[in-house]
Amino acid sequence: MYKIGVIGDKQSIIGFQAVGLDVFYCSTKEEAKHTLNKIAKEDYAIIYITESFYSEIDDTIHEYDELRLPAIIPIPSMKEKLGIGEANIKKAVEKAVGADILFNND
């Protein structure tokens, strides 16, 4: 059975543990990169990662773009919202249907 993991700072992701997800606390981008590479080799189908770490290790994340699993999904942190998740959804919808039907702007 596949698992779901969450990578980020403790304050932002501790709530995910209450709903049964595996959480991995990181305080540096090196820790986040190491954790991502480690759990991506295990049975994690979905890995949520805070947007701040997502933007800092995007080169590592793009190595998984063409793979079926894991799906790596950015989430806002408690400290900031960078809009990376929304931008990724917008890009995917535009690619699928050829137009911005969700946000209706550029």
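**Pocket and charges in a predicted model**

The largest pocket in this predicted model has a volume of about 600 Å³.

Q: What makes a residue part of the lining of the largest pocket, and which lie nearest its centre?
A: A lining residue has an atom within 4 Å of a pocket point. The lining holds 19 residues, and Tyr54, Asp65, Ile72, Asn88 and Ala92 lie nearest the centre. Two or more residues come from each of helix H4 (58-62), strand E4 (71-75) and helix H5 (84-97). H5 gives the most, with seven residues.

Q: How do the residues of this lining divide by type?
A: They split into 11 nonpolar, three polar and five charged.

Q: Why is the pair Lys38 and Glu42 called a salt bridge?
A: The cut-off is 4 Å between a side-chain nitrogen and a carboxyl oxygen. The closest N and O atoms of Lys38 and Glu42 are 3.8 Å apart, so the pair counts. By this rule the count comes to one salt bridge.

Q: Why does Glu51 have no salt bridge?
A: Glu51 sits in helix H3 (residues 51-56) and is buried. The nearest side chain of opposite charge, Lys81, is 7.1 Å away. A salt bridge needs a distance within 4 Å, so Glu51 has none.

Q: What is Glu51 in contact with, leaving aside its neighbours within four places in sequence?
A: Its contacts include Pro74, Ile75, Lys81 and Leu82.

Technical notes. Residues are numbered from 1 along each chain as its sequence is written. This is a predicted model: local features need pLDDT of at least 70, side-chain atom pairs count only at pLDDT 80 or more; totals for chains, interfaces and linings use all residues. Side-chain values use heavy atoms; hydrogens and water are left out. On a 1 Å grid over the protein atoms alone, a cavity is a set of points where a 1.4 Å probe fits but cannot get out, and a pocket is an open set with protein on both sides within 12 Å along at least five of seven lines; lining residues have an atom within 4 Å of a point. Grid points are joined across faces, edges and corners, and a volume is the space filled by probe spheres set on the points. Helices (H or I, at least four residues) and strands (E, at least two) are DSSP runs, numbered from the N terminus. Ala, Val, Leu, Ile, Met, Phe, Trp, Tyr, Cys and Pro count as nonpolar, Asp, Glu, Lys and Arg as charged, and the others, Gly among them, as polar. Buried means under 20% relative accessible area, exposed over 50%, partly exposed in between (1.4 Å probe, protein chains only). Lys and Arg count as positive and Asp and Glu as negative; His and the chain ends are not counted. Contact means heavy atoms within 4.5 Å.
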